[in-house]
Amino acid sequence: MNKILISNALILPMTETRRSFTGYVRARDGTITEIGDGATPKIEADESILDAADCVLMPGLVNAHTHLYQVLLRAVWEDLELMPWLKRIYGCARVLQPEHFYAGSLLGCVEAMRSGVTTLCEHNFLNPGPECAFETIRAIKDSGLRAVFARTIMDTGGIVPDCTKEKPDQAFRRIEEILARHERGDRLQFMTGPNTPPINTTPALLSEIRRFADDKALGISAHVAESKSVVECVRRDHGKNGVVEFLHEFGMSGQKSVFAHSVHISNDEIAILRETGASVSHNPVSNMMLGDGVAPVVEMLRQGVNVALGTDGAASNHSQDLFDTMKSASLLQKVHHQDAGVIEPYAVLRMATAGGAKALGLDSLCGTIEIGKRADLILIDVDNIHNQPVNDVFSQIVHCAKASDVRTVMVNGEMVMRDRHLTGLDAKKILADAKIANRDLMRRVSELSF
Ligand SMILES: [Zn+2]
């Protein structure tokens with residue numbers, strides 16, 4: 001039996017009630033079995049001890065929306081707004097190779113892990129061949145992170161290259177092949193969805209996806225109302241007021257749906273999200289980078305919509321760092337509303353933990369520190385110049401702490417990073433392989449015309 005005791009930590013359980021206390025957490029075979037305040041209890045035989053003095057112990061962060069391989073495309077096309085940018089991202093499908101997906105995704109996972117992420121949702125949308133998805137999943141499994149692989153579909157749109165447009169039956173067969181190859185369980189779950197409706201999914205495909213997702217018990221992940229141009233398209237071509245309203249007609253909005261971005265949505269559409277139980281992944285850094293706009297996060301929270309946080313891919317964020325994203329989420333709402341008190345740090349921290357777990361349907365497993373949940377835990381060193389003195393730990397994790405303060409990361413009770421050393425991965429080799437993949441991809445991209 002794997003027994004671990006983490007003692008002397010400043011614990012943030014991140015449950016609905018805001019509280020913090022100094023104490024200990026025990027885990028047995030990956031499950032949290034005991035939480036206590038005060039001194040370390042009697043140590044049991046065969047128990048590993050982790051002294052967490054000067055550290056905050058909190059649930060691992062949940063990145064509810066990313067495209068891992070895009071770390072290979074950091075700072076490429078960074079001065080373009082959504083549509084011309086997307087044309088280039090989609091265009092990459094013409095030259096992307098399975099090895100790019102593996103090398104890039106593994107580097108993305110390492111970056112995520114080193115910034116305290118224990119669970120992520122990979123929104124997969126370029127599939128010139130089935131191997132691209134297989135290699136991404138192989139990288140995620142090799143990393144040791146908990147993940148949801150959302151294999152989405154596109155069937156129309158002038159900016160989508162033919163090699164990555166799919167007929168519904170062809171796409172469903174490929175997803176069935178993914179499901180047949182991988183056991184669905186606590187560590188790896190699957191979703192599907194339309195990638196960026198309606199610009200690259202037809203109404204017929206949406207109906208088919210709903211039927212397929214129900215048949216296979218899959219959640220839905222989609223890019224929703226990311227820019228004004230997408231909303232203009234749904235108004236012009238489909239006579240709807242907004243993308244959420246349009247998707248709702250096809251039953252896309254539901255308890256197992258994660259609508260990434262949801263920047264340009266109305267109050268009526270926020271009400272649809274609340275009534276149907278859909279979640280939103282808020283991706284503020286990506287939205288700012290592409291000049292998309294500001295998502296109505298305060299209004300969504302006020303109406304009771306579950307909001308998670310995502311980095312989005314590194315092609316529109318430059319990093320996989322959720323600390324960066326938390327601080328941006330907080331500051332963006334303050335400046336947008338010109339009100340310093342418009343959003344609580346605790347609400348932001350909840351989005352990055354419990355909100356993310358709920359969005360991905362994993363809230364019975366992770367997202368908070370509670371007895372019976374899996375030990376997805378991170379230790380953050382706060383005994384350093386930029387974190388001291390600690391006056392308000394919740395505000396300071398959001399506004400002061402850095403990804404590099406994460407000392408130790410545990411997934412399912414397994415230490416995947418200890419004192420910033422990756423226990424099961426060769427970071428140097430992963431980085432070297434990613435550089436090779438990057439050079440090869442950039443050479444191929446340079447031969448494309450957009
Ligand atoms: Zn995205």
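This is a predicted model: local features need pLDDT of at least 70, side-chain atom pairs count only at pLDDT 80 or more; totals for chains, interfaces and linings use all residues.
Two remarks on conventions come before the structure. Local features are reported only at pLDDT of at least 70 and side-chain atom pairs only at pLDDT 80 or more, while totals for chains, interfaces and linings use all residues. Residues are numbered from 1 along each chain as its sequence is written, and side-chain values use heavy atoms, with hydrogens and water left out.

Let me begin with the overall fold. The protein chain holds 14 helices and 17 strands; these are DSSP runs, with helices being H or I of at least four residues and strands E of at least two, numbered from the N terminus. The C-alpha trace spans about 65 × 45 × 40 Å along its principal axes. Of the 450 residues, 62% count as buried; buried means under 20% relative accessible area, exposed over 50%, and partly exposed in between, with a 1.4 Å probe and protein chains only. Among contacts with a separation of 6 or more, 76% join residues 24 or more positions apart, a contact being heavy atoms within 4.5 Å.

I turn to the metal. Which residues coordinate the zinc ion? They are H65, H67 and H223, each through NE2, and D312 through OD, at 2.1 to 2.3 Å. Donors here are N, O and S atoms within 2.8 Å of the metal (3.2 Å for Na, K and Ca); water is not among the atoms, so sites may look incomplete. The angles among the four donor atoms run from 84 to 174°, and the site is irregular. For four donors, tetrahedral would require all angles between 85 and 135 degrees; square planar for four, and octahedral for six, would require opposite donors over 155 degrees apart and all others between 65 and 115, anything else being irregular. Along the chain, the donors follow the spacing H-x1-H-x155-H-x88-D. Within this set, H67 in the loop between β6 and α1 and D312 in the loop between β13 and α11 are 245 residues apart. Both H67 and D312 are buried.

Helix α1 has buried residues that include W85, L86 and Y90, and its buried residues pack against α6.

Two further loop residues deserve a word. H182, between α4 and β9, counts as buried because its relative accessibility is 11%. A polar atom of its side chain lies 3.0 Å from the backbone oxygen of I178. K165, in the loop between β8 and α4, is partly exposed at 28% relative accessibility. The side chain of K165 reaches the backbone oxygen of G157 at 3.4 Å.

Finally, the backbone geometry. Most residues other than glycine have a negative phi, and most peptide bonds are trans. A cis peptide bond joins P197 and P198, with omega about -5°, and P198 is in the loop between β9 and α5. The bond from Q388 to P389 is also cis, with omega near -10°. Positive phi values occur at N8, near 60°, in strand β1, and at D54, near 70°, in the loop between β4 and β5.

Technical notes
A polar contact is a pair of N or O atoms within 3.5 Å; within protein, one must be able to donate a hydrogen and the other to accept it, and residues adjacent in sequence count only if both atoms are side-chain atoms.
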